[in-house]
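Visitor: I'd like to learn how to read a few features in a model like this one. Could you walk me through them?

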Amino acid sequence: MLKFNNDLVHGAIFDMDGTMFDTERLRFQTLKQASLELTGIEFSDSYLMNCLGLSAQSAHRLAQAEYDENIPYADIRKRADELELESVRQYGVPIKKGLVQVLERLRKSGLRMAVATSSRRAIAEEYLINANVYKFFDVLVCGDEVENGKPHPEIFKRAAEKINLESAECLMFEDSENGVCSAHDAGGITVLFKDIKAPNENMLSNANYYFECMYDFLLELDPFTAHLDMPNVQEPFPQTINQLTVGIHGFGAIGGGYLAQVLSHWDGYTRPKKIYASTRNPLYRSAVNAFGTYSIRYGQLSYDERIENMEIIDAENIQQMQDMYIESSLIAICLPEKAIANEAKTIAQGLYARHIAHDEKSIEPLTLLLILNKVGAKALLLKHLTQALKELAGDEVAAQIIQHHYFCDTVVNRMVSKLSDQNLYRQLRIKYNIFKQFQSDEVDNVDLVEMEDATRLNVEQERQATLYVEDMRRNFQPSHILQSMDLILFNAESDMPIYVENNSPLLEKMRQMILVEHIQDIQIIKNRLWNGVHAMLAWKSALLKHQTVGVALSDLGVEQFMRNVLQEVQAGLTQTYPDRANDLTRLSQSFIDSCAHAYKDPCTRVARDPLRKLSFNERVLGSIATNLNYGLDTRYLQQGVIYGLVYAIETQAIELSKVHMFLETQFNMMAQSLNSDLHPVLQQMREDILNAVAEHFADNETSRDKNERHSQAKRPLQKASNFA
């Protein structure tokens, strides 16, 4: 049962053509072609409009009155059926957008469901099966099974009887005047949709509800159907496929290892028919497309989650990228900050292609999720994107495109690591050997290329991997043994939610999203509590030669440092965002749990770009400024800065003098944001940090180099200006 507004609903009865399927336009075309072929006269639009919702017998009588008493209407209809079936079998049934989501919600609400169509049963069954919606309906009542066609109420009354309900207990969905009159006179709760023919006063007066499209009804229906909570990691994706296509611009760790999973869960009722994802990695592209699937591994749960319905496209192929932007309803931009300036040009080309591919008055707004792991990501992207659009299409069109679409900042709450090319190569080699054994019942003598410790493949490995993939792709069968062997591409932690700026109506249906009005608050919390602590933990761990974050935490000194610095950061954020106490507590514990199981998360990956992460107001110095402002402790945060500077010098061969100038610049900017009473504290802090960095290298050098480096390190300190 469903309580819909003031009605208790037990059943739903759908008309087919024009209501569920966008077939009326196709029917017009085929009837025109068939009438021209058989009579030399093409049926007029006015005649066809008057036939909407009529039974075959009624349409025949109307044709006799309009054209000729002896018109071979049955033959015309039969030929039109043939033409229509040819089109449907070649191109599929054109489903009204939102239909599958509506059907799934009604069925999950426990309603009995029927179809009441003027079409013949043979046609109706083929269309429903072709569209993969036959499974939703308990019974069909068709035009060749009733004596009186629409607008007579017989067909709707009979459908209600067949599902053992009174008409008044049923929602009845229609699009035509004859149809809505039939449903109204049957006593049903009549829902009218606009199709080819705009509704007249008679139609509106006979309808209990009127909607421009199925999606509008879906919005009305949503509050009366169950809201599905955050899924569990091991909960299966929805079985039903909707009509949506979505995209991931950047098939990296977060794009492929997290957003693909978010999009696959969708609203819990249905999932997209296709997910595009772009990458420049040919090995990942060919492997996923060959197998048709890949998996994300959750080590904490020993669980592999399979992602399907994906097509990996070439990020260098501008046509493929434009197609993704044209066809998708939502695209997640999953890019590193340093790639934004260049990738903005590709995004601009995609949005412009979408703009010119649709009629300007009916361009569907695209929802863009910005997954950039940066405070102010939206402003950064829009700056580069606006410039790229202006260069491509001019100022006026650029402004139209930017204003038309939804740009939504996000905060990701999951740690994900991408497997190296070498790891993928190992998987392909093992699967290929199993594949060959399955074919011949004995292991073939395959020339194996020895593995190396490097991340990237050498030329011979690339050639070998291509052969593996191509051979398996040619011979792969759904029942093959390889079907049960997942291709693992990402290791992920189990945190499910993603925080998203509440800036698009599409997002209200997304199951894993926590919509927030002030996303900047969550961005700063995540940036400092997760990203900052994560970076400092990785710098210390990498300097101690630990390989992964999970392994590093077996070192009690590393674990205690993580907890101490986390406590300092959380103390400052609690003062800044007192209303976010629950988020802070949950995110802190989630971070600890994630790190404890991050055995696949390389310290060097997390530790990269240390100077960028040590910039003013970023993840580390931002926390120091906050704590100083509230008179809170910063000793462990200062240690984190020291680890970052030392790591930068050791891994990037940066001279000490340049590090000193960098830190002086950042501290000067920090001083401008703080009360002048704190300037002496900042100056002393900077000197202590630089001394600690100098002493670290002094303790690790020969006595000859020690004096030279130490004096070099002291000179900038002597010249340091006061914070005025």
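Predicted model: local features only at pLDDT ≥ 70, side-chain atom pairs only at ≥ 80, totals over all residues.

Visitor: Is the peptide bond from Lys150 to Pro151 cis or trans?

Guide: Cis, with omega near 20°.

Visitor: And where is Trp266 found?

Guide: Look in the loop between helix H11 (253–265) and strand S11 (270–271). Trp266 has a positive phi of about 45°, although this residue is not a glycine.

Visitor: On to helices. What describes two packed helices?

Guide: Two values: the angle between their axes and the distance between those axes. The crossing of H19 past H21 is right-handed.

Visitor: Which residues of H19 and H21 meet?

Guide: On the H19 side, Ile524, Ile525, Arg528, Leu529, Val533, Met536, Leu537, Lys540 and Ser541 take part; on the H21 side, Gly557, Val558, Phe561, Met562, Val565, Leu566, Val569, Gln570 and Leu573 do. Sorted by class, that contact of H19 with H21 holds 13 nonpolar, three polar and two charged residues.

Visitor: At what angle do helix H13 and helix H14 pack?

Guide: H13 (residues 318–327) and H14 (residues 340–357) pack at about 55°, and their axes are 8 Å apart. H13 and H14 are therefore oblique to each other, and their crossing is right-handed. Among the residues that meet are Met321, Tyr325 and Ile326 in H13, and Ile347, Leu351 and Ala353 in H14. The contact of H13 with H14 divides into eight nonpolar, four polar and two charged residues.

Visitor: How do the axes of helix H26 and helix H28 cross?

Guide: At roughly 45°, with the axes of H26 (residues 635–652) and H28 (residues 679–698) coming within 10 Å. That angle makes H26 oblique to H28. H26 passes H28 in a right-handed crossing. Val641, Ile642, Leu645 and Ile649 are among the H26 residues in this contact, and they face a set in H28 including Met685, Ile689, Val693 and Phe697. The classes here come to 10 nonpolar, two polar and one charged residues.

Visitor: Now the empty space. What shows where it is left?

Guide: Rolling a probe the size of a water molecule over the atoms does that. In this model the count comes to three cavities of 30 Å³ or more. The largest cavity has a volume of about 440 Å³.

Visitor: What lines the largest cavity?

Guide: There are 28 lining residues, and Asp17, Glu24, Arg27, Leu54 and Arg77 lie nearest the centre. Helices H1 (24–39), H2 (45–51), H3 (56–66), H4 (73–91) and H6 (121–130) each supply at least two residues of that lining. By class, the largest cavity's lining has 11 nonpolar, six polar and 11 charged residues.

Visitor: What volume does the second largest pocket have?

Guide: About 430 Å³. This pocket is lined by 15 residues, with Asp22, Ile95, Lys96, Lys97 and Cys213 nearest its centre. Its lining splits into six nonpolar, two polar and seven charged residues.

Definitions and conventions: Residues numbered from 1 in each chain as written. Heavy atoms only, no water. Left-handed = near helix turned anticlockwise from the far one by under 90°. Helix = DSSP H or I, 4+ residues; strand = E, 2+ residues; numbered from the N terminus. Contact = heavy atoms within 4.5 Å. Nonpolar A, V, L, I, M, F, W, Y, C, P; charged D, E, K, R; others polar. 1 Å grid on protein atoms, 1.4 Å probe; cavity = no way out; pocket = protein on both sides within 12 Å on 5 of 7 lines; lining within 4 Å. Points joined across faces, edges and corners; volume = space filled by probe spheres on them. Axes fitted to C-alpha atoms, helices over the stretch in contact; angles between N-to-C directions. Parallel < 35°, antiparallel > 145°, perpendicular 65-115°, else oblique.
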